[in-house]
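These are my notebook entries on a single structure.

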Amino acid sequence: MKTFSELGISEAYIKALDENNIIKPTEIQLKAIPFLLEVGTDFIGQAQTGTGKTAAFGLPILHSVNPDIIIPQALILSPTRELGQQIAKQLFKFTKYLPKKIFVESVYGGARIDEQIYALKRPTHVVVATPGRLVDLLERKAINLSAVKIIVLDEADEMLSMGFKNELDAILSYTRGKRQTWLFSATMPKDLKEIIAGYMSPNAMRVQVNENDVINRDIDHKYVVCHSDEKSDMLFRFLESQQDSRGLIFCRTKAGAQKLAQELSYVQYNSDALHGDMMQKERDKVMRAFKNKKLQILIATDLAARGVDVKGLEWVVHYNLPEKSEYYAHRSGRTARA
Ligand code: AMP
């Protein structure tokens with residue numbers, strides 16, 4: 001098994017990786033890093049959250065940046081604010097020991113655009129953005145993408161299912177021809193194949209990682225057969241057996257998540273809901289409480305839970321089956337992290 005150093009990652013990064021307990025490259029890192037460091041063509045990685053894909057594209061991006069050029073040289077698109085902030089945070093950690101600083105800025109909807117415009121006026125080498133906000137910034141001429149050499153589409157399937165097709169078309173047309181595109185996606189739905197055919201090289205390198213090996217390794221899967229009207233009783237019995245351990249319950253709809261949150265708080269469970277109808281401020285508040293362990297149980301819809309990366313979760317309940325079967329692995333992967 002190769003080390004990060006053998007994959008071509010330089011010493012300053014290895015030290016930061018060590019500090020974050022990132023010692024042994026994951027499958028996607030083994031396959032992507034040497035290619036992305038060396039070869040100037042497009043890349044398609046079928047991998048999901050939990051496989052280490054952020055470092056798989058993030059480290060080669062950081063290697064490609066020239067710190068002396070102080071405008072964005074790489075652009076990472078992410079479906080949600082939460083995921084975008086996590087990516088920026090990981091990259092920031094990786095840069096800790098660089099002799100010359102590389103600056104990563106994240107911009108996203110649901111926050112003040114004037115502050116982001118101001119932040120982008122400072123030296124910025126890598127931008128992490130949600131598609132809607134990026135288009136807004138481009139229309140206001142508040143961001144200069146003329147030096148961008150690499151665009152990453154992270155969780156590309158999610159960006160499409162959240163309705164960002166037009167924004168992706170606009171951004172990709174705007175930067176066409178001058179750059180490499182690296183795409184990461186857990187699934188390959190039809191509309192994503194159209195993006196690939198329309199904007200990426202037919203010679204793009206394709207890599208697929210076996211998600212079950214990577215993310216479900218340390219998870220026990222169990223199921224209960226019952227009538228739908230026995231479901232909440234079953235859930236309460238399960239929660240009782242778990243005592244104080246923390247976990248995540250997935251519902252299919254916003255209304256379902258809200259209703260279950262009410263039922264749980266009625267019986268005095270320390271729980272709250274996270275769903276797409278909530279204001280960004282409320283979502284942040286709930287996430288903070290969950291991360292700080294002030295909240296024991298989080299009830300979430302699939303989309304709202306994207307990018308949620310909380311360590312120390314002991315269980316995940318699929319209270320409703322996921323809309324798409326791929327979401328099952330994604331949901332389950334929220335437990336047994338690290
Ligand atoms: P990601 O799939 O990029 O969201 O990464 C999931 C988590 O795994 C993050 O908290 C990373 O810091 C961590 N991670 C990434 N690569 C490795 C590795 N090679 N060994 C251990 N942890 C890792």
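**Entry 1: α6 and α7**

In which hand of crossing does α6 pass α7? I record first that the model is predicted. I then found that α6 passes α7 in a right-handed crossing.

I looked up the geometry of this pair. Helix α6 covers residues 113-120 and helix α7 covers residues 131-139. Their axes lie 11 Å apart, and the packing angle is about 70 degrees. Angles of 65 to 115 degrees count as roughly perpendicular, and therefore α6 is roughly perpendicular to α7.

I next listed the residues that meet. From α6 they are Ile 113, Gln 116, Ile 117 and Leu 120, and from α7 they are Arg 133, Asp 136 and Leu 137. Sorted by class, the contact of α6 with α7 has four nonpolar, one polar and two charged residues.

**Entry 2: α9 and α10**

I turned to helix α9 (residues 165-174) and helix α10 (residues 190-199). Their axes come within 11 Å and cross at roughly 15 degrees. An angle under 35 degrees counts as roughly parallel, so I noted α9 as roughly parallel to α10. The crossing of α9 past α10 is right-handed.

On the α9 side, the contact is made by Lys 165, Leu 168, Asp 169, Leu 172 and Ser 173. On the α10 side, Glu 194, Ile 195 and Tyr 199 take part. By class, I recorded four nonpolar, one polar and three charged residues in the contact of α9 with α10.

**Entry 3: cysteines**

How many disulfides does the structure hold? I found zero disulfides. Cys 226 is in no disulfide, and the nearest cysteine sulfur to that of Cys 226 belongs to Cys 251, 14 Å away.

Cys 251 has a relative accessible area of 0% and is buried.

**Entry 4: Ile 87**

Is Ile 87 buried or exposed? Its relative accessible area is 1%, so Ile 87 is buried. I located Ile 87 in helix α5 (residues 81-94).

Leaving out residues up to four places away in sequence, I found that Ile 87 touches Thr 54, Phe 57, Ile 76, Ser 78, Val 128 and Asp 154. I also noted Ser 106: Ile 87 and Ser 106 are 19 residues apart in sequence, and their C-alpha atoms are 8.7 Å apart in space.

Key
Residues are numbered from 1 along each chain as its sequence is written. This is a predicted model: local features need pLDDT of at least 70, side-chain atom pairs count only at pLDDT 80 or more; totals for chains, interfaces and linings use all residues. Side-chain values use heavy atoms; hydrogens and water are left out. Axes are lines fitted to C-alpha atoms, for helices over the stretch in contact, and angles run from 0 to 180 degrees between N-to-C directions. Helices (H or I, at least four residues) and strands (E, at least two) are DSSP runs, numbered from the N terminus. Angles under 35 degrees count as roughly parallel, over 145 as roughly antiparallel, 65 to 115 as roughly perpendicular and the rest as oblique. A crossing is left-handed if the near helix is turned anticlockwise from the far one by less than a right angle, and right-handed if clockwise. Contact means heavy atoms within 4.5 Å. Ala, Val, Leu, Ile, Met, Phe, Trp, Tyr, Cys and Pro count as nonpolar, Asp, Glu, Lys and Arg as charged, and the others, Gly among them, as polar. A disulfide is a pair of cysteine sulfur atoms within 2.5 Å. Buried means under 20% relative accessible area, exposed over 50%, partly exposed in between (1.4 Å probe, protein chains only).
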